[in-house]
Structures are given as C-alpha cells and as structure tokens.
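Keep the viewer open as you read.

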Amino acid sequence: MSVGGSTARDRGRGDLSTSKLVEYYSVADRILCFKGVDESVLNLARKFLGGYYFTPINLAEAGPPPAHLIELHKNTPPALPATDSGFEIEDGHCFTSNDQIVLEVSGSTIVIGPPELNRTDVWLSESTPGRHQLALNNVILYAVQAALRRAGLYQFHAGCVLPGNDSKAVLLVGDSGSGKSTLTATLLLGGWNFVTDDNLLLADSSAGIEAWALRRYFTFDEATLQNSNLTSFKQSIGGRVPGKAEKFRFYARQAFPEKFVDTCLPGAILFPTVTHEPKTRVEPLEQGDALARLIRQCPWATCDAAVAPLHLQVLSKLVTQTRSYTLLAGRDVFDDPGSIPGLIAQQIEIP
Amino acid sequence: MTNSGFVPLKHIIVTQLDAGNGVLVDLNTKQYYQLNETAMLIWRALENGHAFDQIVAELMTVFTVDREHAVASTERLLRKFHERKLVRTAE
C-alpha cells in the first residue's frame with residue numbers, strides 16, 4: 001500500500017494556501033501544516049494542539065515552506081498491510097515496510113509516508129469507541145509525533161529545569177514513579193527556571209542539542225501538589241488530566257511567569273530513583289549507560305527506521321554535551337525540600 | 001591479505017561516544033548493545049572492511065596488548081557479533 005500525492009513542500013505554497021481547511025502551526029522553529037476534510041476534523045487538531053506550544057500562523061507570515069503535512073480524512077481508509085511485520089504499540093499496531101509506516105490505533109489508520117514526501121495521512125475511526133475524545137487525541141498524538149520526527153524534532157519525556165538565568169539546563173529523566181514530578185516541583189519552588197515537567201522536544205542545532213518546551217501545562221498528582229505547597233497557587237491548578245484521573249493540570253507558566261524558558265541547551269541529565277535513604281545524593285553515570293537509558297526512554301528511536309539514525313544521533317550528542325548522574329532521592333525530598341535545590345546544584349557539574 | 005570474514009548488516013546502527021565506546025541498535029529486533037572501546041574499534045574496522053590481521057594490529061597498537069591477547073579478543077567479539085546476527089559472513 002502506498003499513499004501518493006504531492007509533498008508538504010509542493011503543497012505548502014500551492015492549492016493549500018487558498019483553502020479554508022488548511023492551517024499552519026509553528027513549533028520549535030519548524031512549520032507543520034494540517035489539512036482537514038472538514039471543520040470538525042480540523043477542530044480535533046486545534047483542540048489537541050491547544051495544549052501544546054504549537055502557534056497558529058498565517059501563511060503570509062511563514063517564511064519557509066512547512067516541514068511536514070498532516071492530512072486528516074474521514075472516508076474509508078486504505079486496507080491495512082497484509083503482513084505480520086511490525087509490532088504492538090499502545091492501543092494499536094505498527095506495520096512497517098521499506099518506505100512507510102502504517103499505524104492502526106483505536107480503529108483509526110495513520111500512514112506515515114516515505115521520508116521524501118514529508119506527509120502523514122490520518123483516517124479517523126467512525127466507530128463509537130474510536131470517536132472517543134481520548135482515542136482521537138491518541139491518534140493525533142501519534143501522527144504529530146511522527147511528523148515532528150521527520151521535521152528533526154524528537155519528543156522526549158523529561159523534566160527540564162535551570163538553576164540560573166544564564167545556566168544550561170538539567171534534564172530529569174525517568175519513568176512514572178521515579179520522583180521526577182516531585183523533584184521538578186521542588187526545584188521550581190526553590191527558584192529554578194523551567195521549561196517543562198515532562199514533555200519536550202529535542203533538536204539538533206549549530207549550538208548543540210536544544211530542548212524546547214512542548215506541553216503548556218504540568219501534570220501533578222494531588223499528593224505532589226500538597227506536599228510541594230503548590231495548592232496555594234489555586235488559580236494555576238486546572239482540571240484532571242483525561243485518561244489519568246489521578247493527575248491534575250498545573251499551569252506553571254501562570255504561577256511563575258518570570259521563570260519560564262521556552263528553549264535551552266541541556267548541560268546535565270539526572271536519572272532520579274526514589275530510595276528510603278535519609279539523604280539525597282547523586283552518582284556519576286558513564287556515557288554508555290546514560291545513552292542506553294535514553295534509548296529505553298525513546299522507543300521510536302529504534303522503531304521508526306526512516307529517522308532512527310538521526311534520532312539516535314541526537315540522543316548520542318545529548319549525552320556527549322552533558323554530564324549524567326543517577327539521583328538517589330532520599331526522604332529529605334519530603335522532609336526538607338528546601339535543601340534539595342542547593343544540594344543538587346552542589347553535587348552536579350553542568351559544563 | 002584476507003578480510004575478517006564478516007560484514008556489518010545494514011539495519012544495524014552504531015553511535016559512538018567521546019570515550020570511544022558506543023551503542024549498536026538492531027532496527028529489526030529493536031535490541032541495543034553497549035560496546036566498550038575494544039568492541040567499537042573492531043566494529044569500525046569491520047565497517048571499513050579491514051582484514052583480521054589488520055584489526056589485531058590496531059588492537060595491539062591502541063590498547064598496548066600482545067598479539068595473543070588481541071587475537072583472542074578479536075575472535076571472541078567477531079563470534080559474538082555473528083551470534084547476535086549483527087554481521088553476515090562476507091561473500
């Protein structure tokens with residue numbers, strides 16, 4: 001199966017520019033183009049993108065052509081590949097072929113075209129479960145992530161904080177439950193600047209690997225909000241996160257407007273893990289171990305073959321431009337949170 | 001001079017770090033392997049089509065080891081690369 005048609009660059013300045021069903025968004029110095037078969041599908045995209053640092057732009061303001069086109073369809077999707085190739089993904093399956101990827105997610109179909117086309121086509125499910133807002137968000141997320149990777153932007157789950165105005169950033173990398181959110185909240189209250197608590201983009205630039213803010217809000221569970229005294233910022237606490245009922249949205253940029261940084265160069269990576277020791281401490285980590293941990297955190301770095309070499313190169317460069325540490329978070333994170341920012345700043349080297 | 005007898009497979013990606021070590025990623029199986037400096041040197045030599053004796057000589061020079069040690073290391077690592085289907089036998 002293949003999806004023919006023009007490329008994002010061909011269409012960015014051509015027939016799409018006069019259509020009302022086309023929108024352009026700027027993210028991390030790239031432009032993505034969204035085309036919808038009607039208003040209802042574009043609304044889905046708008047709603048989704050509203051939670052992230054995607055800025056709508058007029059075509060006239062856009063300098064370069066879009067890096068990638070995402071087209072949303074409602075008609076019958078192409079048949080799924082009759083092959084056993086591929087692997088399971090959350091809520092679906094990924095079929096791989098030489099030049100394209102097909103994702104089947106909650107009854108929707110996503111075709112990520114060959115790299116030279118720079119386009120992704122999405123056929124949204126017509127089934128009731130497939131039309132659930134969470135399912136549709138998930139589908140658009142997969143499509144947007146693939147488009148971003150082809151635009152040289154690699155989504156990465158990590159907290160990103162900066163100890164000073166002119167300093168490089170510290171990335172907090174770990175699975176759910178590793179203490180990442182608690183530490184981010186602690187450092188935020190300790191006066192550190194921030195990019196994000198958990199969701200950023202990595203991009204290669206002449207200055208090095210950059211981290212860009214992606215999601216507009218933090219997510220904290222109730223215990224973290226209370227233990228960190230963030231409940232005092234009532235106006236910045238939003239509703240529960242759909243699909244993660246234990247988490248609340250926290251609009252950190254509203255609570256600490258002067259502390260927000262949209263992009264930065266990481267200088268250190270911390271891999272936190274919760275211990276029952278009284279004191280928090282850090283231990284240096286070899287570059288090879290750090291890279292292996294980053295690869296584990298980025299499944300698409302090994303699954304999206306078309307961009308995997310570039311993706312892995314970005315992770316490798318990130319490791320070489322930073323110092324990496326395991327952070328063994330002790331009970332003092334809860335008992336004496338005020339001491340943590342200074343303790344971390346003292347124990348790590350940020351080149 | 002004959003070559004090493006092995007050629008890296010195309011779906012294996014390598015990324016090297018400052019210290020000379022690195023990581024191999026098998027895009028088919030999604031497995032990754034951490035390589036120490038010795039393994040990385042041998043992998044790079046395979047990419048460049050170096051002969052077995054040439055690889056042994058490079059190991060002896062770079063790591064200041066005797067020939068017996070270098071031959072044993074090269075044989076062991078080539079066997080591991082082959083067992084893990086990271087290389088194919090040269091035609």
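**Starting at helix α7 of chain A**

The buried residues of α7(A) pack against β20 (266–274), α8, α9 and β22 (323–329) of chain A, together with β3 and β4 of chain B. Contact here means that the C-beta atoms of two residues, placed from the backbone, lie within 7 Å. Helices (H or I, at least four residues) and strands (E, at least two) are DSSP runs, numbered from the N terminus. Before going further, keep in mind that this is a predicted model, in which local features need pLDDT of at least 70 and side-chain atom pairs count only at pLDDT 80 or more, while totals for chains, interfaces and linings use all residues. Residues are numbered from 1 along each chain as its sequence is written, and chains are lettered from A and ligands numbered from 1 in the order in which they are written.

Which residues of α7(A) are buried? They are A:A290, A:L291, A:L294 and A:I295. Seen down the axis of α7(A), these buried residues fall within an arc of 140°, so they line one face of the helix. The arc is that of the directions from the helix axis to the C-beta atoms.

Now for the contact between the chains. The contact takes 15 residues from chain A and 12 residues from chain B. On the side of chain A that touches chain B, α7 (287–297), α8 (300–303) and α9 (308–321) each supply at least two residues. α9(A) gives the most to that side, with seven residues. By type, the residues on the side of chain A that touches chain B divide into nine nonpolar, six polar and no charged. In this count, Ala, Val, Leu, Ile, Met, Phe, Trp, Tyr, Cys and Pro are nonpolar, Asp, Glu, Lys and Arg are charged, and the others, Gly among them, are polar.

Let's step back to chain A as a whole. Its secondary structure comes to 11 helices and 22 strands. The radius of gyration of chain A is 21 Å, close to the 20 Å that the globule rule gives for 351 residues, so chain A is as compact as a globular protein of that length. That radius is taken over C-alpha atoms, and the rule is 2.2 Å times the number of residues to the power 0.38. Of the 351 residues of chain A, 46% count as buried. Among contacts in chain A with a separation of 6 or more, 69% are accounted for by residues 24 or more positions apart.

One helix to pick out in chain A is α3 (residues 133–150), which has 18 residues and reaches 26 Å from its first C-alpha to its last, close to the 26 Å expected at 1.5 Å a residue. The expected span is 1.5 Å times one less than the number of residues. Buried residues of α3(A) include A:L136, A:V139 and A:I140. After α3(A) comes A:G152, whose phi is positive, near 80°.

Over in chain B, helix α2 (residues 52–63) has 12 residues. Its buried residues are B:I55, B:V56 and B:L59. They cover an arc of only 100° around the axis, which puts them on the same side of α2(B). These buried residues pack against α1 (37–47) and α3 (67–83) of chain B. α2(B) is followed by B:T64, whose phi is positive, near 50°.

A couple of loops deserve a look too. Most residues other than glycine have a negative phi, and most peptide bonds are trans. A:D91 has a positive phi of about 65° although it is not a glycine, and its place is in the loop between β5 (87–89) and β6 (92–96) of chain A. B:K30 also has a positive phi of about 65° without being a glycine, and is found in the loop between β3 (22–26) and β4 (32–35) of chain B.

Finally, how confident is the predictor? The model scores ipTM 0.77 and pTM 0.89. Chain A averages a pLDDT of 89, and chain B averages 92; pLDDT is the predictor's confidence in each residue, from 0 to 100. In chain A, pLDDT stays under 50 over residues 1–6 and over residues 9–15.

Methods. A residue is buried if 20 or more other C-beta atoms lie within 10 Å of its own, exposed if 12 or fewer, and partly exposed in between; C-beta atoms are placed from the backbone.
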